[in-house]
Amino acid sequence: MFAPEDVKKALEKAQHLVVFTGAGVSAESGVPTFRDALTGLWENFDPEALATPEAFAENPDFVWGWYEWRRKLLLEVQPNPAHIAIAELAKRVPKFTLITQNVDDLHERAGSTDVLHLHGSLFTPRCFDCGRSYEFTQAPTLTKEQRITPPQCEHCSGNIRPGVVWFGESLPEAEFKAAFEAVQSCDLLLSVGTSGMVYPAAQLPEIAAQNNATVVHINPQKMSAITRHGYSLQGAAGEILPLLI
Ligand code: APR
C-alpha cells in the first residue's frame with residue numbers, strides 16, 4: 001500500500017516534479033467536478049448542449065449564461081489546502097511544472113505561477129469570429145440557468161465566447177507542447193483529482209510512466225481501475241497534499 005511517506009521520500013529525491021490536476025483539486029473549494037455522481041456538472045447538464053462550438057453558435061445566450069454562472073461561482077470560492085500545498089511544493093524541488101485541466105484560477109490565487117492551462121480559462125474570453133481577446137468589465141450577477149446575451153466584439157461585432165477549450169476543439173499548442181516536454185523529462189508526477197477520461201490530457205501521466213517517472217494518483221477513488229500506471233493514494237487532495245509538505 002503506497003503511503004504519503006513514500007511520496008515524501010520520492011519528493012526528497014525528485015529533480016523535476018510535475019503536478020497534473022483536474023476538477024477534483026477544486027472540489028473542496030465548492031467547485032463541482034464534471035463526472036462525480038449526482039454533483040458532477042455533466043450529471044446535471046448536457047455537455048453536447050453547452051461545451052461545443054456548435055452549441056454556442058446555435059444557442060449563444062444559453063451557453064454564455066451557463067459559463068457566467070460558473071464564473072460567478074468561482075468569484076465566491078477560495079483556494080483550498082490542496083492548491084496551497086501545490087504552490088508550496090514548487091519551492092521544494094529543483095524543477096517544477098504545474099499542468100491543469102481546470103478553467104478556474106484557484107492555483108494562481110493560491111500563489112502558483114506559470115500554470116499550464118490545457119483546457120483554457122474562464123477568465124480569458126475572446127471573440128468567437130475574429131478571436132480577439134475581450135476584457136470582462138463587470139462581475140456576473142445572475143442566478144443559475146439564466147440566459148444572457150454575450151457581449152459583442154468591438155472590432156467585428158461577433159459574439160464573445162468563454163476562453164475554455166470545448167469538445168471537438170484542439171488544446172492550446174504552446175501549453176500542450178510544454179506539458180508534453182515536462183512529462184517526458186520529469187522523475188515524479190502527481191496526478192491529482194482527475195478521472196483520466198479526457199484525451200489528449202489524460203495521456204500525460206502515462207507518458208511520464210513510460211519515461212520511468214514515478215506516477216502517483218491522488219483521488220478518493222482507487223485509480224488502478226482507470227490507469228495501468230503508477231500508485232494510488234486514496235483520499236481527498238485537500239487532506240493528502242498538506243501531508244507532503
Ligand atoms: N480530491 C481529489 N480528487 C477528487 C476529490 C477531492 N476532494 N473529489 C473528487 N475527486 C476526483 C473524482 O473521484 C474524479 O476522479 O476528481 C475526479 C474528477 O473527475 P472529472 O469530473 O472527470 O474531472 P476531470 O478529470 O478534471 O475532467 C477532465 O473533462 O469535461 C471535461 O474539460 C473538462 O477539464 C475537464 C475534463
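This is a predicted model: local features need pLDDT of at least 70, side-chain atom pairs count only at pLDDT 80 or more; totals for chains, interfaces and linings use all residues.
Me: OK, is Thr 52 buried or exposed?
Reply: Thr 52 sits in the loop between helix H4 (47-50) and helix H5 (53-58). Its relative accessibility is 5%, and the cut-off for buried is under 20%. Therefore Thr 52 counts as buried.

Me: Which backbone nitrogen does the side chain of Thr 52 reach?
Reply: Leaving out residues up to four places away in sequence, Thr 52 touches Pro 47, Trp 166 and Phe 167. Its side chain also reaches a backbone nitrogen, at 3.0 Å. That nitrogen belongs to Ala 55.

Me: And Gly 131, how does that count by relative accessibility?
Reply: Gly 131 is in the loop between strand S4 (126-127) and strand S5 (160-161). Its relative accessibility is 37%, and the class between buried (under 20%) and exposed (over 50%) is partly exposed. So Gly 131 counts as partly exposed.

Me: What separates the C-alpha atoms of Gly 131 and Gln 152?
Reply: Along the chain, Gly 131 and Gln 152 are 21 residues apart.

Me: Let's turn to helix H7. Which residue has a side-chain oxygen reaching the backbone nitrogen of Ala 82 at the start of H7?
Reply: H7 covers residues 81-89, and its buried residues include Ala 82, His 83 and Leu 89. At the start of the helix, a side-chain oxygen comes to within 2.7 Å of the backbone nitrogen of Ala 82. The residue that supplies this oxygen is Asn 80.

Me: Zooming out, what radius of gyration does the chain have, next to a compact globule?
Reply: The chain has 11 helices and 8 strands, and its C-alpha atoms fill a box of roughly 55 × 35 × 30 Å along the principal axes. With 245 residues, a compact globule would come out near 18 Å. The chain agrees with that, as its radius of gyration is 18 Å.

Me: What share of the contacts joins residues at least 24 apart?
Reply: Take the contacts between residues at least 6 apart in sequence. Of these, the share joining residues at least 24 apart is 70%.

Me: Last one: how far apart are the centres of the positive and negative side chains?
Reply: There are 19 positive and 29 negative side chains in the chain.

Methods
Residues are numbered from 1 along each chain as its sequence is written. Side-chain values use heavy atoms; hydrogens and water are left out. Helices (H or I, at least four residues) and strands (E, at least two) are DSSP runs, numbered from the N terminus. The radius of gyration is taken over C-alpha atoms; the globule rule is 2.2 Å times the number of residues to the power 0.38. Contact means heavy atoms within 4.5 Å. Lys and Arg count as positive and Asp and Glu as negative; His and the chain ends are not counted. The place of a charge is taken as NZ of Lys, CZ of Arg, CG of Asp or CD of Glu. Buried means under 20% relative accessible area, exposed over 50%, partly exposed in between (1.4 Å probe, protein chains only). A polar contact is a pair of N or O atoms within 3.5 Å; within protein, one must be able to donate a hydrogen and the other to accept it, and residues adjacent in sequence count only if both atoms are side-chain atoms.
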